Amino acid sequence: WMSRQLFEYINPRDAKVRIFESEDKDGKKSLGMEGIFVQAEQRNQNGRVYPLEEIKKAVDEIDQRIRKGETVMGELDHPPELQINLDRVSHIIEDMWMDGNNGIGKLKLIETPMGNIASALMKAGAALGVSSRGSGNVSDSGIVDGFECVTVDIVAQPSAPDAYPKPVYESLFNMRGGAVLHRTAAAVTHDKSAEKYLVEGIESFIRELNLK
């Protein structure tokens, strides 16, 4: 068996993703997502199967991290490594628990540039999914052992069932005006009037990515 990085995407339909709006004690509103973050006993699109005990252990570990006061952050799109990149953080995982063979999670978008972009993508109608990021050993038959889940990221829905999600972060900076869009996302944190321009820019971005 060989240890490797593991990225497992679940599309919004299969994850039964629910988008919700919450309000904190100061009246500040934010969007969130709740649904299936990890799955056991099912061969996924990467041909891997996670035994129930592996998924339960991973979910329990994240739950314990949260209960101990750790901020479990995730990113908009997967980076090529396991470490968290603070400049790409978009959300905080608030809760994870088991329901049968599924690890259910709840996350809240936060006011970072990438969090604001994820929020604008949702408001513009983009279908976003979730994808676990971790490491483990994989047997020749695809059975995963020693799974360690670092976090769960938000990713774009692929255009075909077997396609890997199109990378939002890289595409953003490769498109014309992408850097301006990122600056607008940063401005939303301090100036809510910028949100209108961000959503308009995101709608153009979605058309370019062909997410609709």
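Good morning. I begin with helix α2, in which Glu54, Ile55, Ala58, Val59, Ile62, Asp63 and Ile66 are buried, that is, under 20% relative accessible area with a 1.4 Å probe and protein chains only, where exposed means over 50% and partly exposed lies in between. These residues lie on the same side of α2, because they cover an arc of only 165 degrees around the axis, taken from the directions from the helix axis to the C-beta atoms. On the other side of α2, Glu53 and Arg67 are exposed.

The model is predicted: local features need pLDDT of at least 70, side-chain atom pairs count only at pLDDT 80 or more, and totals for chains, interfaces and linings use all residues. Residues are numbered from 1 along each chain as its sequence is written, and side-chain values use heavy atoms, with hydrogens and water left out.

Helices (H or I, at least four residues) and strands (E, at least two) are DSSP runs numbered from the N terminus. Among the elements that cover the buried residues of α2 are β3 (29–39), β5 (89–99) and β8 (144–156), with contact meaning heavy atoms within 4.5 Å. Just after α2, glycine 69 has a positive phi of about 95 degrees.

I turn now to α3. Of the eleven residues in this helix (residues 113–123), nine are buried, including Ile117, Ala120 and Leu121. Isoleucine 202 touches Ile117, Ala120, Leu121, Ala124 and Leu181, leaving aside residues up to four places away in sequence. Just after α3, glycine 125 also takes a positive phi, of about 95 degrees. Thank you.
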